[in-house]
Amino acid sequence: MEESYWKHLKVMDAGLLRELMNKYGQEVWNLAFILTKRNDLADDITQEVFLSAYRNIELFRGESSIKTWLLSIARNTSVNYLRSAFMRKVTLMAWVSSKETSPSAEHEALEQSLSDDIWRIVMKLPLKFREVLILAGKYDMSMKEIAGVLGVSEGTVKSRLARARQKVKANWKEGTAYERV
């Protein structure tokens, strides 16, 4: 479907929602997971993003692509989840209960899949650095698009991206120093 079509839409039907979900669902989920580091939250956030798009399609002005708009909703929803007091309590309770039980096969498989060193380094970065790296690298967004998603200036995006890359490089060198010893 043409990008210009979306900005003139006032109401979305189930077929259009399905089309959006099929085309962008995985990318929305990936971003939510990268920001929250939790499968269950990524699932919930993805569902909320598409419900929000369904309910508020008339708010899409077409100043960015529909993908950028959805990723912006995903980013904002993820940050709101992480800030909520409920979320902090659930995370604490999950941590306490994980000390009492053995990890599930799913959890072990997830840990194995995240074993790549560079991925671990990126995931350890503070959110503001992690999100610019992912939006630039994974989603190939321009500085202007990233600034729009994050609600910051392009200069801030450039600065955060440069600092994020420096942090990854420093952590990478630090990690490989152990291997040489």
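The model is predicted: local features need pLDDT of at least 70, side-chain atom pairs count only at pLDDT 80 or more, and totals for chains, interfaces and linings use all residues. Residues are numbered from 1 along each chain as its sequence is written, and side-chain values use heavy atoms, with hydrogens and water left out.

I begin with the core. A nonpolar core here is a set of buried Ala, Val, Leu, Ile, Met, Phe, Trp, Tyr and Cys residues joined through side-chain atoms within 4.5 Å; buried means under 20% relative accessible area, exposed over 50%, and partly exposed in between, with a 1.4 Å probe and protein chains only. The largest such core has 46 residues, and Leu 31, Ile 66, Trp 69, Leu 70, Leu 135 and Ile 146 touch the most other members. Among the elements giving two or more residues to this core are H2 (14-36), H4 (66-83) and H10 (154-180); helices are DSSP runs of H or I, at least four residues, numbered from the N terminus. H2 supplies the largest share, ten residues.

Next, the packing of H2 against H4. Their axes, which are lines fitted to C-alpha atoms over the stretch in contact, with angles from 0 to 180 degrees between N-to-C directions, come within 9 Å and cross at roughly 35°. Contact means heavy atoms within 4.5 Å. Residues making this contact include Leu 31 and Leu 35 of H2, and Ile 66, Leu 70 and Arg 75 of H4. By class, the contact residues are eleven nonpolar, two polar and three charged, where Asp, Glu, Lys and Arg count as charged, Ala, Val, Leu, Ile, Met, Phe, Trp, Tyr, Cys and Pro as nonpolar, and the others, Gly among them, as polar.

How many aromatic pairs does a search of the whole structure find? There are two, given that rings of Phe, Tyr and Trp (its six-membered ring) pair if their centres lie within 6.5 Å, with planes under 30 degrees apart stacked, over 60 edge-to-face and the rest tilted. Trp 29 and Phe 33 are stacked because their ring centres are 5.4 Å apart and their planes lie at 5°. Phe 60 and Trp 69 form a tilted pair, 5.2 Å centre to centre with 50° between the planes. Phe 60 is buried at a relative accessible area of 3%, and Trp 69 is buried at 15%.

Finally, Glu 131 lies in helix H8 and is buried, with a relative accessible area of 1%. Beyond its neighbours within four places in sequence, Glu 131 contacts Leu 35, Arg 75, Leu 150 and Arg 160.
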